[in-house]
Amino acid sequence: MPADTDTAPAALVVPARRTASPWVLMYHSVAEFTDPAEDPYGITVTPRALEAQLVWLRSRGLRGVSVGELLRARAAGGGAGLVGLTFDDGYTDFLTHALPLLRRHDCTATLFVLPGRLGVDNVWDPLGPRKSLLTAEGIREVASAGQEIGSHGLLHQDLRVVADDVLQQELRGSRDLLRELTGALPEGFCYPYGHLDARVVEATRAAGYGYACAIDPGGLTGPHALPRTHVSQADRGLRLRAKHLRHHVRELRRAVPR
């Protein structure tokens, strides 16, 4: 398929049917902090915590990979030992703290970035702390390191409430900008704040994305409404095990026709 088309690779175009979704973990920032008050939104894990979580996965015969790799493996009938790793917003600390640990443990991840906010900070989090976002060069460096780059929209807006023309710019406009930055159209999208509805999901599919990540998509199912599990600083063995089990129970319930 030519690189300048607006459709996703065939391997990622799968039917939106009620099958169990893969386990996909959601991270944001990886940075040092000591006081929970420094992280009011719970979006930060320390490098030490991230490494412990990756070690836990590996000790259970699981390997973290990008969502694109995970979905391709599942489409080919495999992927049983794979877990999706995602990092939202595109913070600079992905390069300095997360990437070295992913390499150390033979993992990859999907980094969802905001090409409309290159090199600035997370202005959408009014309580802070301010965290710098990757520049265009930083995004290219992440892509060159073998990590998947996905779109998080342009400006981190709740897509449910924007006008149709703004929705198209957030979806198609961000996709085109990332192609200019990296030389490849992104396969994946991540809904800002995890917010989605049927209109937004259909627009995302029509924009050419092969998949899209939410948090809890409610009654929406399929590759453009993938649920994810939030991972926090407090998550260690028992908590991760409980979250893994909860994911499987939730998917069993979702797979049963109502």
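Trainee: What do I need to know before starting?

Mentor: The model is predicted, so local features need pLDDT of at least 70 and side-chain atom pairs count only at pLDDT 80 or more, while totals for chains, interfaces and linings use all residues. Residues are numbered from 1 along each chain as its sequence is written, and side-chain values use heavy atoms, with hydrogens and water left out.

Trainee: How is a pair of aromatic rings described?

Mentor: By the distance of the centres and the angle of the planes. Rings of Phe, Tyr and Trp (its six-membered ring) pair if their centres lie within 6.5 Å; planes under 30 degrees apart are stacked, over 60 edge-to-face, and the rest tilted. The count here is four aromatic pairs. Y27 and F87 are stacked because their ring centres are 5.0 Å apart and their planes are at 15°.

Trainee: Where in the chain do Y27 and F87 lie?

Mentor: Y27 is in strand 1 (residues 24-27) and F87 in strand 5 (residues 82-89), 60 residues apart. Strands are DSSP runs (E, at least two residues), helices likewise (H or I, at least four), numbered from the N terminus. Y27, F87 and F94 form one aromatic cluster.

Trainee: Is F189 buried or exposed?

Mentor: Buried means under 20% relative accessible area, exposed over 50%, partly exposed in between (1.4 Å probe, protein chains only). F189 has 0%, so it counts as buried. F189 and Y209 form a tilted pair, 5.2 Å centre to centre with 55° between the planes.

Trainee: What sits over the ring of Y209?

Mentor: The charged end of R175, 5.2 Å from the ring centre. The rule requires NZ of Lys or CZ of Arg within 6 Å of the ring centre and within 35 degrees of the ring normal.
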